[in-house]
Structures are given as C-alpha cells and as structure tokens.
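Me: Hi! I've got a model open and would like to go through it with you. Could you take a look?

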Amino acid sequence: MELPQYADAHKAWKYSELECKVDPLEEIVKEFEGGNYNLGKIAFLKELGRAAYQNPLSSGPVRRQREKKEIVILGQAEIRAEGIAKAELQDPPSHAVEVRVCPVCGANSLVVFQHTLSGDEFMDMVLDYSPDEPIAVEIGQKDVYAVECVCCSFNVDFQLKNPREYGLPIEDYWRTEYPSR
Ligand SMILES: [Zn+2]
C-alpha cells in the first residue's frame, strides 16, 4: 500500500466520507486501543461502517456537492430514497413519524419510527431485551424506537444509546432511558 502506484488504492475500498464526519474504522481502532472499550459504541460504529459500504452516493448528497460546487452527476439514488422515505410517512400502518438527514449518506431519507410505549408489540421488544429489570417509562409515553435510512440502509434501534452518549457527533434519536445498554 506504500508503493506509489497504490497511493490511490484506498479510494477503491474505503467508503466515502460520512455525513457525520466520523470515520467508523478509525474510531473502532481507537476504541479498542483504549483497552476499556464500550461494546455499545463498537456496535454503533460497526453499523455506521456497514452502512458506509452500502452507501450508493459515492460523491455525497446533491446538497453537499452543490456546496462544494462539484458537478452533480446523478442524484437518482438520493431522489428515489427521499421519495420512499416520504411515502413511509403516508403509510398508515407504519410507525414512521419523521424523516431526517442520514448521518451516513447525508440523504434526507432517515425514517424515524415511533411507538407508544404501552403498546404490546413494543413491550414485547423491551421484555425480550431486558426481562428482569424495570423500565422507566410512563404509560402512553411515545418514544422513537428505531431509525432506518432507505438510501444506505443505516439502521439502529433503542437497544443502543443515543450516539452523543458514545461521544459521536450525531443528534439524539430516543429520549427514554432503558437499563443496561
Ligand atoms: Zn443513509
């Protein structure tokens, strides 16, 4: 990799820069180097990295290309994803409540799913996760339980903490405190 002819080789296998500017591989290495690593943080970073390799927007979202005055080449994948994300909001059985900018691909296609915490389905999820510990939630309280990008496939759920709690510059997704994450 140090030979001149391979100087640009990283472009072939390395993902393009994430919207949140976090380099997941670099951060995973750093986290392990610290010795006392946080499994939740590693899981979050792994998901950022996995989605980064799936990201179809190799030059970033159209918005960023415009900021950099780069020539906007395609944008089709982004336009399609944003359309699908909007359609999720219109779909009554879906729990989609909002669409945000994805921390990986930067498209406006991160679908936010919310559930009323007293709902049976959600309680089953909680019980599966932590059968022995009380959950500090109010009946009828609504909270986000998952986010998923329909463009790059980035998805995390409430079993991980909010990214800021792992020191990552990504806005909060959920507000409820669940035990043992
Ligand atoms: Zn995305």
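Me: Is Val29 buried or exposed?
Reply: Val29 is exposed, because 11 other C-beta atoms are within 10 Å. The cut-offs are 20 or more other C-beta atoms within 10 Å for buried, 12 or fewer for exposed, and partly exposed in between, with C-beta atoms placed from the backbone.

Me: And how many Å separate the C-alpha atoms of Val29 and Ile42?
Reply: They are separated by 9.5 Å, and the two residues are 13 apart along the chain.

Me: Changing topic: what pLDDT does the protein average?
Reply: The average is 80, and 72% of the residues score at least 70. pLDDT is the predictor's confidence in each residue, from 0 to 100.

Me: Which elements have the lowest and highest mean pLDDT?
Reply: Helix α6 (residues 120-129) has the lowest, 58, and helix α3 (residues 39-54) has the highest, 96. Where pLDDT is low, the predicted coordinates should not be read in detail.

Me: Then α3 it is. Which of its residues are buried?
Reply: Phe44, Leu45, Leu48, Gly49, Ala51 and Ala52 are the buried residues of α3. Looking down the axis of α3, they fall within an arc of 165°, so they line one face of the helix. That arc is taken from the directions from the helix axis to the C-beta atoms.

Me: What does Leu48 contact, leaving aside neighbours within four places in sequence?
Reply: Leu48 is in contact with Leu18, Val22, Pro24, Val104 and Phe154. Contact means that the C-beta atoms, placed from the backbone, lie within 7 Å.

Me: How many residues does the largest nonpolar core have?
Reply: That core has 31 residues, and Leu48 is among those with the most contacts inside it. The largest share, 5 residues, comes from α3. A nonpolar core is a set of buried Ala, Val, Leu, Ile, Met, Phe, Trp, Tyr and Cys residues joined through C-beta atoms within 7 Å.

Me: One last thing: what is phi of Lys21 near?
Reply: Phi of Lys21 is near 70°, a positive value in a residue other than glycine. Lys21 lies in the loop between α1 (10-13) and α2 (24-33).

Definitions and conventions: Residues are numbered from 1 along each chain as its sequence is written. This is a predicted model: local features need pLDDT of at least 70, side-chain atom pairs count only at pLDDT 80 or more; totals for chains, interfaces and linings use all residues. Helices (H or I, at least four residues) and strands (E, at least two) are DSSP runs, numbered from the N terminus. Two residues are in contact if their C-beta atoms, placed from the backbone, lie within 7 Å.
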